[in-house]
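Here are some questions and answers for reading a protein structure. Look at the structure first, then work through them in turn.

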Amino acid sequence: MSKDKEPTVISLHSVYVMTLVWGTLIQFSEESEFVVDKSKIGLTRVPKDLPPQTKVLDVSQNYITELHLSDISFLSQLTVLRLSQNRMQCLDISVFKFNQDLEYLDLSHNQLQTILCHPIASLKHLDLSFNDFEALPICKEFGNLTQLNFLGLSATKLQQLDLLPIAHLHLSCILLDLEHYYVKENEKESLQILNTKKLHLVFHPNSFFSVQVNISVKSVGCLQLANIKLSDDNCQVFITFLLELTQGPTLLNFTLNHVETTWKCLVGVFQFLWPKPVEYLSIYNLTIVESIDEEDFIYYETTLKGLKIEHITKRVFIFSQTALYKVFSDMNIRMLTIADTHFIHMLCPQVPSTFKFLNFTQNVFTDSVFQNCKTLARLETLILQRNKLEDLFEISLMTKDMLSLEILDVSSNSLEYDRHGENCTWVGSIVVLNLSSNILTDSVFRCLPPRVKVLDLHNNRIRSIPEDVTHLEALQELNVASNSLAHLPGCGSFSSLSILIIDYNSISNPSADFFQSCQKIRSLKAGNNPFQCTCELRDFILELKDFIQSLGQVSSDVVEGWPDSYKCEYPESYKGTLLKDFRVSELSCNTALLIVTIGVTGLALALTMTGLCVYFDLPWYLRMLCQWTQTRRRARNVPLEELQRTLQFHAFISYSGHDSAWVKNELLPNVEKEGIKICLHERNFVPGKSIMENIINCIEKSYKSIFVLSPNFVQSEWCHYELYFAHHNLFHEGSDNLILILLDSIPQYSIPSSYHKLKALMAQRTYLEWPKEKSKHGLFWANLRASINIKLMEKAEEISYTQI
C-alpha cells in the first residue's frame with residue numbers, strides 16, 4: 001500500500017471540512033492560547049509540553065506512527081484534533097476516552113489498517129478516508145455517535161451491509177475513498193447507503209474507471225464523483241455504475257470533478273442523465289481527448305435545469321467547431337455555464353431556446369457572438385466576462401432581439417465606444433448592466449440602455465459625467481469607482497439615483513450642492529479620494545453629516561467606509577487627517593463675515609484710539625513733540641561757540657498768572673539776591689517768536705525749570721506746555737532739571753485727566769512745599785538756592801561735550 005497518499009481533489013469534502021474547521025477556529029480566534037499548530041515540523045510523536053487548556057490541536061503532516069492515552073488524556077478541553085498525513089497504522093480510539101469534548105477528529109491520509117473502536121459521544125466529524133483499510137472501518141460503537149455529521153471512509157472491498165451499524169444515523173455527508181478498490185473480473189459487489197444528504201466518491205486519479213459495484217442510495221440529495229477517467233471502451237461501465245446511483249427521487253445535484261473523457265463518451269453521459277431526476281449537473285476540470293466529431297443528441301424532455309462546466313482542457317486541436325458548440329447551444333435547459341474553456345464562439349440556437357441564464361465567463365468570444373440571433377427571446381441573464389469583446393456598439397446590437405434580457409455582464413473585456421452620430425440599439429428590457437474593467441471613456445454615457453437601473457462602470461477611463469445625459473431617469477445605482485473623476489456628479493440626469501459608488505477617483509473638492517441635487521441618495525461610497533481640506537470641503541462635510549443624521553441609520557451603512565476611508569490629502573499639514581476631525585473656523589471660510597469682522601474690529605479700534613487720544617490729549621502731545629523735535633534740530637545746527645553760550649539762566653520759572661504776586665514778591669527777591677539768574681516769560685520772551693518757541697528756548701537756555709504748583713497752575717494750558725517740554729528735556733539731557741514748588745495743596749481729583757504727566761511727577765518726584773509759617777521761610781529759600789546755584793559756563797561746556 002502507498003505510504004504517503006496525497007488528496008487529489010478539493011471538492012465537496014474539502015468544503016465541508018473547511019467549513020467545520022473554520023467555524024471552530026473562529027470560535028477560538030480571540031483565545032489564541034487555546035489553538036496550537038504543530039503541523040509540518042517533523043514530529044514523530046505528540047509533544048508532551050502542550051498547554052492543558054488546548055482546544056484546537058493540529059499535528060498534521062508529520063511522522064507520527066502511534067498515539068497513546070498519555071499523549072492527549074490531559075487535554076480535557078480538546079475539541080479539534082488534526083492527525084492527517086502522518087504514518088499511523090493502527091489506532092485504539094479509546095485513547096480519546098478522557099477527551100469528552102472532542103468534536104472533530106481527522107485521521108485521513110495515514111496508513112491505518114485497523115482500528116479498535118470506542119464510543120465518543122461528542123464526535124461530529126470523523127475522517128478515516130485515504131487509509132489502507134481492506135473493509136470499511138465501521139464498528140457497532142459508531143451507532144452511538146448520534147451527533148455525527150461527517151464520516152470519511154476507505155476500503156478496497158465492499159459488502160452490502162457494511163454501513164448497517166450506522167443506518168439509523170442522519171449524516172450530512174459520507175466520503176468514500178475508493179482509490180484502491182479492487183474486485184475480480186466478472187465479480188460485482190454492492191453497498192447500501194441509507195441516510196445521508198451528500199455522498200462523495202473518490203476514485204483512482206490515474207486509472208481508467210473500472211469500479212463495478214452496485215451502490216444504492218435512499219435519500220441522497222447531492223452526489224459527487226471525483227477522478228473519472230473514461231474512454232470509448234469503458235464508457236458503458238461508468239454509465240452502468242451511475243444507473244443505480246441516479247435512481248433516487250431525491251437526487252438534485254450531481255457533480256463530476258477531474259474528468260478525462262472522449263467527446264463521444266461525454267455526449268453519451270449527457271444523454272444518459274437527460275431523462276434522470278437530476279436538476280443541476282456540474283463538471284469541473286474537464287479534459288477532452290482523442291477527437292471531437294459530430295454526435296447525435298436527442299433532447300428528451302428533462303428535469304435538468306442547469307449545466308455548469310468550468311475549466312475545459314482540449315487535447316484535440318483540429319475539430320469541427322460546430323460539432324462542439326451545437327450540443328450546448330441546442331440544449332433545452334434553463335441555465336448553462338461554460339467558463340474558463342477558451343471557446344472562441346457559441347452558436348445561436350436553431351429553434352427558440354429555453355435558456356434563461358447563460359454564463360460564458362473567461363472564454364475568447366468576439367463581438368460576432370450572438371449577432372442577429374432571434375432564438376434567445378427568453379434569455380434573462382447573459383454573462384460574458386473576460387472575453388475578447390471590443391465594440392460596445394456591436395454589443396448593443398447583439399441584444400436587440402433578446403426581448404427578455406434584464407441582466408448583462410460584459411465586464412473585464414476591452415470595450416470602448418467611439419462612434420459619433422450612430423445610436424446604440426439596446427433592447428429596452430435591460431435593468432442591470434456591468435461594463436466594469438473596460439477602456440470606456442466619457443462617451444459611454446451616449447450608449448446606454450434607456451431603462452437601466454443598476455450600472456457598473458468602475459475601473460474604466462471616465463474623467464467626467466456629461467451634464468446633458470437625459471435618458472437615465474430610471475437609474476438607481478451607479479458605480480463609477482476607480483476612474484479619473486474630479487467632481488461628484490449631480491443628479492439632474494439621474495433623478496432616481498439612490499446608491500452612488502465613486503471611491504478611488506480624483507475628487508479633491510466635492511461640492512456641498514451634491515446633497516441638494518441628489519435628494520433620493522440613500523447610500524454613498526466616496527472614500528479613498530485625494531480630498532483637499534479647504535473651506536469648500538468643510539461645507540461638504542457638514543452636509544455629509546447632516547445627510548447621515550437625516551437617514552437615521554448607522555453611518556457606515558449610509559456612507560460606506562466612513563470615517564476611516566475619508567482622509568485629507570492636501571494641504572500637507574492636514575494630510576492623513578480624517579474628514580470627521582477636520583476643523584476650520586467660520587470666520588476664515590466666510591469672506592463677507594471676515595470683511596465685516598475686520599471692519600467692525602477696525603472701527604472699534606479706531607473708536608478706542610480716538611477715545612484714548614481724547615482722554616490723554618494725544619493731539620496736544622503730538623503737537624508738542626513736533627515743536628520739540630524742530631527746536632532740537634535747530635540746536636544741533638548751532639555753532640560750538642554759540643552753543644557754549646546757550647545756558648544763560650539758572651532757572652526758568654513756570655507759574656500761573658494768578659500766582660504772579662507770590663513769584664514777584666517772594667520768589668524773585670529771595671533767589672536773585674544771591675546772583676541767581678531767573679528767566680521769566682514777562683521779561684525774557686523774544687518778541688516776534690511764537691509763545692511755543694519762546695517756551696522751548698527759555699527751557700533750553702536754563703539749567704533748571706521751576707514749576708510753581710497750585711490749583712491755578714493745573715488750570716493753565718500754557719503751564720502744561722512748559723511742564724511737558726521741561727519733562728522731555730529731563731530725559732533728553734539725562735539730568736535732574738525739574739524743581740517742583742507746591743505753593744498750595746492740589747487735590748488729585750482736581751487735576752484734569754490730560755495732566756497725567758503732572759500726576760506722575762507729583763507721585764514720583766520730591767517737591768518743595770511752601771511753608772505757611774514765616775519761621776520756616778529762610779530754610780525754604782536756602783534749599784531752593786542750593787538746588788539751582790551752579791556756574792553756568794561749566795555746565796555749558798559739559799553740555800557741548802555731550803552734544804559733540
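Q: Are W662 and W770 buried or exposed?
A: This is a predicted model. A residue counts as buried when its relative accessible area is under 20%. By that cut-off, both W662 and W770 are buried.

Q: What kind of aromatic pair do W662 and W770 form?
A: The ring centres of W662 and W770 are 5.2 Å apart, with 75 degrees between the planes. Planes over 60 degrees apart count as edge-to-face. The pair of W662 and W770 is therefore edge-to-face.

Q: Which helices hold the two rings of the aromatic pair F270 and F328?
A: F270 and F328 pair edge-to-face, at 6.3 Å centre to centre and 70 degrees between the planes. The two residues are 58 residues apart, so the pair links distant parts of the chain. F270 is in helix α4 and F328 in helix α5.

Q: What is the relative accessible area of F328?
A: Buried residues have a relative accessible area under 20%. F270, the partner of F328 in the aromatic pair, is buried at 1%. F328 is also buried, and its value is 1%.

Q: Which residues form one aromatic cluster with F270 and F328?
A: F270 and F328 form an aromatic pair, and both belong to one aromatic cluster.

Q: Which elements do the buried residues of α5 pack against?
A: Helix α5 covers residues 321-329. Its buried residues are A323, L324, Y325, V327, F328 and S329. These buried residues pack against α4, β16 (306-314) and β17 (335-339).

Q: Why is the disulfide of C235 and C265 right-handed?
A: The sulfur atoms of C235 and C265 are 2.1 Å apart, and the cut-off for a disulfide is 2.5 Å. Handedness here follows from the torsion about the S-S bond. The disulfide is right-handed because that torsion is about 90 degrees.

Q: How many residues apart in sequence are the parts that C235 and C265 tie together?
A: C235 and C265 form a disulfide, and both are buried. C235 lies in helix α3 (residues 235-245), while C265 lies in helix α4 (residues 263-273). The parts tied together are 30 residues apart.

Q: Is the link of C533 and C568 left-handed or right-handed?
A: C533 and C568 form a disulfide with sulfur atoms 1.7 Å apart. The angle about the S-S bond is -90 degrees. The link of C533 and C568 is left-handed.

Q: Which strand holds C568?
A: C533 is in the loop between β26 (531-532) and α8 (535-551), 35 residues from C568. At 2% relative accessibility, C568 counts as buried. The strand that holds C568 is β27 (residues 568-570).

Q: How far from C698 is the nearest cysteine sulfur?
A: A disulfide needs two cysteine sulfur atoms within 2.5 Å. C698 is in no disulfide, and the nearest cysteine sulfur is that of C679. The distance between them is 3.3 Å.

Q: How many bridges join β9 to strand β11?
A: Strand β9 (residues 171-177) is mostly covered, with six of its seven residues buried. Strand β8 (residues 150-154) runs parallel to β9 and is joined to it by five bridges. Strand β11 (residues 196-202) also runs parallel to β9. The number of bridges joining β9 to β11 is six.

Q: With which side chain does the side chain of N712 make a polar contact?
A: N712 is found in the loop between β30 (702-709) and α17 (717-733), and N712 is partly exposed at 28% relative accessible area. Not counting residues up to four places away in sequence, N712 touches S656, H658 and D659. The polar contact, at 3.0 Å, is with the side chain of D659.

Notes
Residues are numbered from 1 along each chain as its sequence is written. This is a predicted model: local features need pLDDT of at least 70, side-chain atom pairs count only at pLDDT 80 or more; totals for chains, interfaces and linings use all residues. Side-chain values use heavy atoms; hydrogens and water are left out. Helices (H or I, at least four residues) and strands (E, at least two) are DSSP runs, numbered from the N terminus. Buried means under 20% relative accessible area, exposed over 50%, partly exposed in between (1.4 Å probe, protein chains only). Contact means heavy atoms within 4.5 Å. Two strands pair if DSSP finds at least two bridges between them. A polar contact is a pair of N or O atoms within 3.5 Å; within protein, one must be able to donate a hydrogen and the other to accept it, and residues adjacent in sequence count only if both atoms are side-chain atoms. Rings of Phe, Tyr and Trp (its six-membered ring) pair if their centres lie within 6.5 Å; planes under 30 degrees apart count as stacked, over 60 as edge-to-face and the rest as tilted.
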